[in-house]
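Got your viewer open and ready? Let's take a walk through this one, stop by stop.

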Amino acid sequence: MSLRKGLIIFILLAFGMGAIIIFRSVDHETIRSLLAANKLKLLLALLVVFLAWIFDAGRFCALAFAAHERVSFPLGIVLTWLNYFGSAVTPMQSGGGPFQVYALYKKGIPLGKGIAITLMRTMLTILILTLSVPIALMLDPDILEGSPFLKGLVFYVFIVILATWVFVIFTILKPEAIKKLSRVIVMWLSRFKIMNSKRTVIKIIQWLDKEIDNYILNFRLVFHSGKLWLTFATILSVLHLLALFTVLPVLMSAVGLPFKYIQTIAVQAVFMFILYFVPTPGASGVAEGGGALLYSILMPENMAGIMSIICRFFTDYISIFMGVVVVIRMLGWGVSENLHKGASVEDA
């Protein structure tokens, strides 16, 4: 899937599902509530989004320090926006990594360290969600009641996360096995004359061996000598998620809907847990429709759908737009297309 095609699919799914939600759920009471919304609280929701960006950027900086590298705060903000853009055009929200690694590489951070930093950032989020979702379901068992589909999705996500952690741990404990696998893949690709000479094949294998060593070294570096910065990054990861989850209750307050803060956090934790592994670009379509379904636990059905769309606008669409601006100005569309193709190969 090309970068342009991924972006088009994201937009079509998001707008298509949004139109269905509006047509089926919006009524006169919904419109009245929206028109009477507190403008200052809407501004507060935007400020909370800015706060989430700050926490995420700080997390990148902390993880870079843990790997004995320096990432400036402005670059951390750019990396945050690149992650949103990459996730919007790649299935299962996994496309942000290559864009971030490339941006770090352009700033002088070795490829192996860049991969370790960005992967650790993603794994921290997944770990926090993995731990928080069982707690959320214990606090509010009604979240998945009456929806076998959502129950199945949660089970599917747990399996994917378990497999992901097994793979990451395996790469750290058995780097030689990963090197052998990479050599087999390179040799297999050489049969199709993708590489034009044996010398090229040897250079690619040597480069891969070096980067795998660099990746393993820096992962271990983060866990050993960078424990303090890793702890700080973990705290920032929690604050980042809390900031994102706070947007919905602020929006509910803006339109006069009552809410229980802990309940809104629990529902959104389960929802994000599911969305991380939905196989559509940026989880589009499912994010809007699933939000309308789950948020009906928190509010009347005539408000749940439109609030799902509005919350998505604040927490995702704005960041994706900023990512598009960064991609065009900093990377260029051609470079971004090549990075996207690399991410698509990895996903396959």
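In which helix is Thr 125 found? Select Thr 125 and you land in helix 6. Keep in mind as you click around that this is a predicted model.

**Stop 1: Thr 125**

Colour by accessibility and check Thr 125: its relative accessibility is 3%, and buried means under 20%, so Thr 125 counts as buried. Now show what surrounds the side chain. Leaving out residues up to four places away in sequence, Thr 125 touches Arg 59, Leu 241 and Tyr 276.

**Stop 2: Ala 116**

Stay in helix 6 and select Ala 116, which has its place there too. Ala 116 counts as buried because its relative accessibility is 2%.

**Stop 3: helix 3 against helix 6**

Two packed helices are described by the angle between their axes and the distance between the axes. Select residues 39-66 for helix 3 and residues 111-139 for helix 6; their axes come within 10 Å and cross at roughly 125°. That angle is why helix 3 and helix 6 are described as oblique to each other. The crossing of helix 3 past helix 6 is right-handed.

To see who does the touching, show side chains on both helices. From helix 3, pick Asp 56, Arg 59, Phe 60, Leu 63 and Ala 64; from helix 6, pick Ile 117, Thr 118, Met 120, Arg 121, Leu 124 and Thr 125. Colour this contact by class and you get 6 nonpolar, 2 polar and 3 charged residues.

**Stop 4: helix 3 against helix 4**

On the helix 3 side of the contact, select Trp 53, Ile 54, Asp 56, Ala 57, Gly 58, Phe 60 and Cys 61; they meet Phe 73, Gly 76, Ile 77, Leu 79, Thr 80 and Trp 81 of helix 4. By class, that contact holds 9 nonpolar, 3 polar and 1 charged residues.

**Stop 5: helix 10 and what follows**

Jump to residues 227-254, helix 10. With 28 residues at 1.5 Å each, helix 10 should span 40 Å, and its end C-alpha atoms are 41 Å apart, which agrees. Just after helix 10, click on Gly 256: its phi is positive, at about 80°.

**Stop 6: helix 11**

Now select residues 261-275, helix 11, whose 15 residues reach 21 Å from first C-alpha to last, close to the 21 Å expected. How many of the residues of helix 11 are buried? The count is 11 of 15, leaving this helix mostly covered. Among the buried ones are Thr 264, Gln 268, Phe 271 and Phe 273.

**Last stop: zoom out**

The protein comes to 14 helices and 0 strands. Of its 348 residues, 51% count as buried. Among contacts between residues at least 6 apart in sequence, 77% join residues at least 24 apart.

How values were computed
Residues numbered from 1 in each chain as written. Predicted model: local features only at pLDDT ≥ 70, side-chain atom pairs only at ≥ 80, totals over all residues. Heavy atoms only, no water. Axes fitted to C-alpha atoms, helices over the stretch in contact; angles between N-to-C directions. Helix = DSSP H or I, 4+ residues; strand = E, 2+ residues; numbered from the N terminus. Parallel < 35°, antiparallel > 145°, perpendicular 65-115°, else oblique. Left-handed = near helix turned anticlockwise from the far one by under 90°. Contact = heavy atoms within 4.5 Å. Nonpolar A, V, L, I, M, F, W, Y, C, P; charged D, E, K, R; others polar. Buried < 20%, exposed > 50% of the residue type's maximum accessible area, 1.4 Å probe, protein only. Expected span 1.5 Å × (residues − 1).
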